[in-house]
Amino acid sequence: MTSTNNSAKEIVVAVDGSAASEAAVRWAANAAAQREQPIKLATAYTLPQFMYADGMVPPQELYDELETDAQAKVDHARQLIAEEFPSLTVNHQVKEVSPIDFLLELSENAEMLVMGSRGLGGLSGLVMGSVSAAVVSHASCPVVVVRKESDVEEANEGSRVVVGVDGSTVSRQAIQLAFQEAHARRVPLRAVLAWTDAQFQASLVGALDSRGDLEKLNGEYQDLLHSELAPMREKYPDVEVEELVERERAVHALKTASEGAQLLVLGSHGRGGFRGMLLGSTSRALLQYAPCPMMVVRQARL
């Protein structure tokens, strides 16, 4: 599909030449084509700190070599996109700067930021370790993490979009984006609310003795899920919605629900990491083990 809306925000994808980065490029290109939006390939390079020791001035040849290498990675990514989406508008930016600063700067005006991940090892190359943590936690736009192991072709076809719901404001933002993605991709949406996590009053659950009380509580969460989805269901009547209330830890419920999905959408409560249905190890586990690409949505700035 040709990108016809040149004024639309770009989908930015971090490029580092790794297999994970290639998977991210393919996923981002598909998303850009479905949305009829341009894509921007972004890569940064920096000199080792020891090169500046004792007032040393690095030779210009070293800068040139690093820039040439970075440009080669961008050119390869362009070729990957051209093979499948020859009419897609593709821009790029190569910059000598901290990867964290670069990606966070680009996120301020991006539709979304897409990065590759190696899974257990964290995000690779350009977006590795502390870089990934900073970008996911502080980006101004949604961040999509695509694992190297993901079958991107399969993840871009059929199946569904999955969203985690917890009743919070940022969860509602995630719901809105999940509906937008499902609508653009013409696939069903599966909404999941897991209520055994501590934030869903697990202590109260432990105090309930009768099956009737448990069923009543489960019904209350079903009502909550239905009411949280109602505004977007009205706005996107063409999106088929499946509602799942699971008495299960969020990480297990969402991992199971997103098997074979195109995208898992989750809300994050800001710089302190994840709250609500995603606390500490749960968020880290899903970033590492989610069976499909995962979009992290942060609280919108007021």
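**Close-up views of a predicted model**

**View 1. Glu181, a buried residue of helix α6.** In this predicted model, E181 has a relative accessible area of 1%, and because anything under 20% counts as buried, E181 is a buried residue. The residue belongs to helix α6, which spans residues 169-185. When its neighbours within four places in sequence are set aside, E181 is found in contact with R35, M112, V161, L263 and M295. The view can therefore be read as a buried glutamate together with these five residues, R35, M112, V161, L263 and M295, that touch it from elsewhere in the sequence.

View 2. Strand β7 covers residues 189-194, and since six of its six residues are buried, the strand is largely enclosed by the rest of the structure. In a regular strand the side chains alternate between the two faces of the sheet. Here L189, A191 and L193 point one way from β7, while R190, V192 and A194 point the other way, and all of them are buried. Which residues of β7 point the opposite way from R190, V192 and A194? They are L189, A191 and L193, and a reader tracing the strand can pick them out in turn.

**View 3. The strands paired with β7.** Strand β6, residues 161-164, runs parallel to β7 and is joined to it by four bridges. Within this pair, V163 stands opposite A191 of β7. To pass from β6 to β7 the chain goes through helix α6, residues 169-185, and the β-α-β crossover made in this way is right-handed. Strand β7 is also joined by six bridges to strand β8, residues 241-246, and these two strands likewise run parallel. In this second pairing, A194 is placed opposite E246 of β8.

**View 4. Two loop residues with positive phi.** E36, which lies in the loop between α1 (19-35) and β2 (39-45), has a positive phi of about 55° although it is not a glycine. With a relative accessibility of 30%, E36 counts as partly exposed. R186, in the loop between α6 and β7, also has a positive phi, near 60°, and is a residue other than glycine. Is R186 buried or exposed? Its relative accessible area is 72%, and because a value over 50% counts as exposed, R186 is exposed.

**View 5. Pro237 and His183.** P237 sits in the loop between α8 (211-235) and β8, and with a relative accessible area of 65% P237 is exposed. Although P237 and H183 are 54 residues apart in sequence, their C-alpha atoms are 9.4 Å apart in space.

**View 6. Two buried cysteines.** C141 is buried, with a relative accessible area of 5%, and C292 also counts as buried, at 2% relative accessibility.

**View 7. Confidence along the chain.** The mean pLDDT of the chain is 80, and 74% of its residues reach 70 or more. Over residues 1-6, however, the pLDDT is below 50, and this stretch has 15 contacts in the model beyond near neighbours in sequence. The pLDDT also stays under 50 over residues 120-129, for which the model has 32 contacts beyond four places in sequence.

Definitions and conventions
Residues are numbered from 1 along each chain as its sequence is written. Side-chain values use heavy atoms; hydrogens and water are left out. Buried means under 20% relative accessible area, exposed over 50%, partly exposed in between (1.4 Å probe, protein chains only). Two strands pair if DSSP finds at least two bridges between them. A crossover is right-handed if, with the strands pointing away from the viewer, the path from the first strand over the helix to the second runs clockwise. Contact means heavy atoms within 4.5 Å. pLDDT is the predictor's confidence in each residue, from 0 to 100.
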